[in-house]
Amino acid sequence: MIVNIINPAFKEGEPIPPRYSCEDVDISPPINWDQSDLSVPAEGSIAIICDDPDAPGGTWVHWVIFNLPPETRTLPEMVMPREEQENGALQGVNSWGAIGYRGPCPPSGTHRYYFKIYALDTKLDLPSGITKDELLNAMEGHVLDEGQVMGTYTRK
């Protein structure tokens, strides 16, 4: 099964609006998803990773957020860059070494940005401030379903 992401800010393969980039207010975009074919158990959770595989030095991580409650189906625009959110979700570090979302800021050309969502069968026993790789390692064997949406960005 695939988690269907319904992104109100941009559609699959379309440009990400500047508002969500380093050239504007640099806030996280709203993200909605549908898991109508899947029931995440009460002890489960949701995780989201955003990264750019086109970065010159290798994949650049823009966002790591995990332990979203299993009933969550949306993230609002502008998730605050705090280690812990009001709903108990935790955020990891991005490639800048900061907590929370940092948007597209390619040095040149057009880059692709993948927002990947994972439905998990457990809440992860991890602290805030973890890296993408630490999250991926902890999720191994716990992914029930996943999905993604890809947007592009070119700096002006």
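Me: Which residue in strand 7 does Ser-45 stand opposite?
Reply: Leu-120. Bear in mind that this is a predicted model.

Me: How many bridges join strand 3 to strand 7, then?
Reply: Seven. Strand 7 covers residues 110–120, and the two strands run antiparallel.

Me: And strand 3 with strand 4: how many bridges there?
Reply: Six, in the antiparallel sense. Strand 3 spans residues 45–52.

Me: What holds paired strands together in general?
Reply: Backbone hydrogen bonds, in either a parallel or an antiparallel arrangement.

Me: What's the strand order in the open sheet?
Reply: The order is 6-4-3-7-8. That makes five strands, with antiparallel pairing.

Me: Which strands stand at the edges, and why does each have a side without a neighbour?
Reply: Strand 6 and strand 8 (143–154). Each has a single partner strand, so one side is left without a neighbour in the sheet.

Me: Back to strand 6. Which residue there is the bridge partner of Phe-66?
Reply: Leu-90. Strand 6 is residues 90–91, and it pairs with strand 4 over two bridges, antiparallel.

Me: Is strand 4 mostly covered or mostly open?
Reply: Mostly covered. Eight of its nine residues, in the stretch 60–68, are buried.

Me: New topic: helix 1. Which strands does it lie across?
Reply: Strand 3, strand 4, strand 7 and strand 8. Helix 1 is residues 132–139, and it runs at about 140° to strand 3.

Key. Residues numbered from 1 in each chain as written. Predicted model: local features only at pLDDT ≥ 70, side-chain atom pairs only at ≥ 80, totals over all residues. Heavy atoms only, no water. Buried < 20%, exposed > 50% of the residue type's maximum accessible area, 1.4 Å probe, protein only. Helix = DSSP H or I, 4+ residues; strand = E, 2+ residues; numbered from the N terminus. Pairing = 2+ DSSP bridges. Contact = heavy atoms within 4.5 Å. Axes fitted to C-alpha atoms, helices over the stretch in contact; angles between N-to-C directions.
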